[in-house]
Amino acid sequence: MYTPPRRTLLRSALGLGAGAALAACGAGSTTVRTSGDVTLSLWTHDPGYEAFFTKGIPDADRLTDFRYRLKVTRAGAADLVTKLLAQAVAGRGTPDLAGFEIGSFPRMLRGDIAPRLLHDLTPDIAAVPGLKNDLLPARTAPYSMDGSVYALDSDTPMVVYYYRDDLFTEYGLSDTVPTWEEFAELGARVHQDHDASLCVVSTAGSDVGQVVQSFQMLLYQRGGAFFDADQNLVLDSAEAEEVLRFLCDGLRSGFVVDISDYYGAAMQTALKQGKVIGLPMAIWYKNYGLLPNVPEQKGKWRVRALPRFTKGGGVTAAAGGTGFGVLKDKANTRAATEFLLNTWLTHDGQVRRFIETGYLPTRRSVFEDPRLNALTDEFCGGQRLFRLYRSLLPDVPAFHQSPDQSILYDVLAGNLLRAYHGDLSPRQALKQTARDFRDQAGR
């Protein structure tokens with residue numbers, strides 16, 4: 001069982017000396033504010049989060065002993081972490097509250113960076129009656145280390161199947177096909193008869209995250225994973241080989257189409273021309289992929305659970321997320337923690353977050369809220385989508401991360417493309433990925 005080395009790695013993160021790195025960890029005021037006026041420094045990559053937290057200030061004022069103002073800095077997801085680490089080493093200028101996109105957070109898991117820089121939220125969660133058992137472990141896992149939670153997720157980003165209801169009807173396709181294997185047979189006929197595809201993989205070599213995500217979603221649905229809870233690589237599995245072969249076969253038959261990316265001009269053209277009439281993707285793709293690209297198709301799209309794999313797994317996976325964490329040992333650490341818990345984790349806060357941003361609750365009990373279950377979605381023909389999401393909740397898998405995750409993504413993306421092109425078999429691609437990862441990660 002692998003345990004990450006407990007050494008001071010802030011210096012390794014930026015290639016700086018140990019003295020500067022260690023000095024930075026204790027820098028800042030030791031006089032903790034316990035009430036009154038406070039201005040929190042908030043760093044985020046998404047203006048939607050800025051809007052949510054700003055609108056939540058009156059609730060936080062009412063529920064705490066503080067009166068809040070926010071000073072917001074926006075940066076790219078990767079740049080935000082780089083800047084945070086640089087400022088920490090410099091011993092000044094770190095935020096009070098920071099949002100970590102899920103793919104960027106593994107940098108905080110290297111060595112003891114997270115426990116040195118971030119406030120452990122575990123005792124705060126335990127102090128709220130019933131909260132610990134209400135929070136979904138699947139969405140605290142990506143931001144946890146050694147039993148401590150260092151950030152709270154923005155979403156339970158379930159993967160669902162989007163499809164064009166009008167074209168399914170026109171082509172005589174059933175929207176209740178139960179298994180992926182049957183769906184693939186149907187998709188091959190659809191491609192032959194109508195030059196349309198029912199599934200998508202990204203082949204944008206410059207965006208390894210999208211390339212990996214196409215495979216990752218179905219892998220986790222099938223019951224596979226990249227890493228286990230102890231950060232051990234578990235990618236090379238029967239489930240992974242099955243999923244990769246499924247996608248490779250789908251590319252040959254036309255059931256699957258390769259797209260440079262999920263959001264750009266090529267995808268927009270494929271959607272507008274009816275070349276892509278269905279795809280698995282996270283729930284947030286409606287707002288960030290479909291609505292911007294094909295607003296004129298309002299009312300034509302529908303959402304269903306993913307078809308099952310015959311050999312096992314569930315009917316959903318998870319893709320994406322952003323965890324908000326609090327910087328430790330600062331004058332505003334307590335104020336920032338109370339602000340986060342009283343906007344991000346209250347029942348009404350989680351209801352508001354879904355209504356305003358489309359991000360699903362991370363507390364089980366909120367899925368029972370009648371306001372959310374009564375909502376209809378006009379883009380999806382008036383469907384009550386929240387009821388579907390509630391039914392999928394038991395199948396949401398945990399997503400464990402590793403400080404070496406970026407290495408895996410780099411080598412996996414290249415080998416996935418080689419498998420899609422037929423240069424490697426699925427088995428060879430996975431074996432090569434495991435070898436490449438261990439060579440570069442040193443374990």
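Because the model is predicted, local features were considered only at pLDDT of at least 70 and side-chain atom pairs only at pLDDT 80 or more, whereas totals for chains, interfaces and linings use all residues. Residues are numbered from 1 along each chain as its sequence is written, and side-chain values rest on heavy atoms, with hydrogens and water left out.

Grid points are joined across faces, edges and corners, and a volume is the space filled by probe spheres set on the points. The largest pocket has a volume of about 1000 Å³ and is lined by 38 residues, of which Glu101, Ile102, Gly103, Ser104 and Gly320 lie nearest its centre. The second largest pocket, with a volume of about 350 Å³, is lined by 20 residues, and those nearest its centre are Lys286, Phe354, Gly358, Asp377 and Leu385.

A disulfide is a covalent bond between the sulfur atoms of two cysteines, and it was assigned here to a pair of cysteine sulfur atoms within 2.5 Å. The search of the whole structure found zero disulfides. For cysteine 248, the closest cysteine sulfur is that of cysteine 199, at 12 Å, which is too far for a bond; for cysteine 380, the closest is again in cysteine 199, at 18 Å, also too far. Cysteine 248 is buried (under 20% relative accessible area, with a 1.4 Å probe and protein chains only), at 4% relative accessibility, and cysteine 380 is buried at 0%.

Asparagine 332, located in the loop between strand S12 (322–326) and helix H16 (333–344), where helices (H or I, at least four residues) and strands (E, at least two) are DSSP runs numbered from the N terminus, is likewise buried, at 7% relative accessibility. The side chain of asparagine 332 forms a polar contact of 3.2 Å with that of aspartate 96, a polar contact being a pair of N or O atoms within 3.5 Å, of which, within protein, one must be able to donate a hydrogen and the other to accept it, and residues adjacent in sequence count only if both atoms are side-chain atoms.

Note on methods. Buried < 20%, exposed > 50% of the residue type's maximum accessible area, 1.4 Å probe, protein only. 1 Å grid on protein atoms, 1.4 Å probe; cavity = no way out; pocket = protein on both sides within 12 Å on 5 of 7 lines; lining within 4 Å.
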